[in-house]
There are 2 protein chains.
Amino acid sequence: MDYGSETLSDLIRSLARLPGIGTKTAQRLALHLLKADDEEAEKLGNLIASLREKVRFCKACGSITEKEECAICMDPSRNREIICVVEGPQDVLLLEKTRHYKGLYHVLHGVLSPIDGIGPENLNLAALEQRVKSGEIKEVIVATNPTVEGDTTALYIAKTIEPYGCTVTRLARGLPMGGSLEFADDMTIASALERREKI
Amino acid sequence: MDYGSETLSDLIRSLARLPGIGTKTAQRLALHLLKADDEEAEKLGNLIASLREKVRFCKACGSITEKEECAICMDPSRNREIICVVEGPQDVLLLEKTRHYKGLYHVLHGVLSPIDGIGPENLNLAALEQRVKSGEIKEVIVATNPTVEGDTTALYIAKTIEPYGCTVTRLARGLPMGGSLEFADDMTIASALERREKI
């Protein structure tokens, strides 16, 4: 469509390429930015442009930081004998929010997915093996998502790491808290039944 | 929340300020940009930062352009005796898409809304009066939205412009094409009944 401005058309096309944003939303966002305070649009633009330059991934665990190592890896109060393996940096935030975990993390930046051509070499897996090899680690909790790809990745990790004499566990499966049987899918109910616990 | 990077936190806060984007979506977008190609994020950032500098509003009608006047105002084939008044630049695009209108436009950049403190002086209304005063204009079609504010604005325009001997019309109201009585609201049905047409 002809928006009357090449810059605006380019911006709408760029925004529409973001996940979950279609042309209509992209158009609304672009027109909002056009009407917004000069500062707001400029600040947002500069933040996006400088993002890749400023933000790095922790050289130990792969989570987000602006330094060499992330705050969690540098925190002396964390338990250095447990590593929780997650798919992406957002999962670290979710687990930290629970305040129930005091160990370290390891971010894979993806999951094994042969269909999409993602093999072990495309993930942050070699570094995990190195960390376990060093001997300090007693347990690796695999917190990948409960999907086919997540489970495949969990099995792959277990196979690679168990030879080093380290326990590998994964997050429990069952009914979500506050959920109802009525709204749970077959797989979840079957899984909850199979893993039933003594009261 | 502590994202491990000040730049990332700032970006998520900035994105969450956009219309229709909450913290969760902002977080997803920011992490996507972090993973995206270097070029993609940088290009998007630069487009947003330069938007306000590059894009201007046509000095005649107020719609979007990168020059002094917009393409529609400069097009000699358009009918210069009709002006269609719209709330925002997006409405020009919508009307152009129908390919049913060959006149000029006038963008108000808002609607009268005393509750939000938006009076006639905050809108592009004085310029409209000037255009009509010049004498060339035969008809002003008010295409504001069928809301209380849109109707108030339409009435205000009619009152200001009719003294210059120019016809003021507004878009028809009734059932939308392809719609069904079942899903139309009371006001729309009442309005369609009142404005019934002979077959």
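Student: Where in chain B is the place of His109(B)?

Tutor: This is a predicted model, in which local features need pLDDT of at least 70, side-chain atom pairs count only at pLDDT 80 or more, and totals for chains, interfaces and linings use all residues. Residues are numbered from 1 along each chain as its sequence is written, chains are lettered from A and ligands numbered from 1 in written order, and side-chain values use heavy atoms, without hydrogens and water. Helices (H or I, at least four residues) and strands (E, at least two) are DSSP runs numbered from the N terminus. On that numbering, His109(B) sits in the loop between E4 and helix H6 (126–133).

Student: What is the phi of His109(B), and is the residue buried, partly exposed or exposed?

Tutor: His109(B) is not a glycine, yet phi is positive, about 60°. Buried means under 20% relative accessible area, exposed over 50%, and partly exposed in between (1.4 Å probe, protein chains only). At 27%, His109(B) is therefore partly exposed.

Student: Which loop of chain B holds Arg99(B), and how is its relative accessible area classed?

Tutor: Arg99(B) lies between helix H5 (89–98) and strand E4 (103–107). Its phi is near 55°, again positive without being glycine. Its relative accessible area is 71%, so Arg99(B) is exposed.

Student: What radius of gyration does chain A have?

Tutor: The C-alpha trace spans about 65 × 45 × 35 Å along its principal axes. A compact globule of 199 residues would be near 16 Å, by a rule of 2.2 Å times the number of residues to the power 0.38, taken over C-alpha atoms. Chain A has 22 Å.

Student: What percentage of the 199 residues in chain A is buried?

Tutor: The same cut-off for burial applies, under 20%. Buried residues make up 41%.

Student: How many residues of chain A are in contact with chain B, and which lose the most area?

Tutor: Contact means heavy atoms within 4.5 Å, and 52 residues of chain A meet 52 of chain B. The buried area (accessible area lost on being put together, 1.4 Å probe, summed over both parts) is about 4,900 Å², with 71% from carbon and sulfur atoms. Three residues together give 14% of what the chain A side buries. They are Leu34(A), Ile48(A) and Arg52(A).

Definitions and conventions. Buried area = accessible area lost by both parts, 1.4 Å probe.
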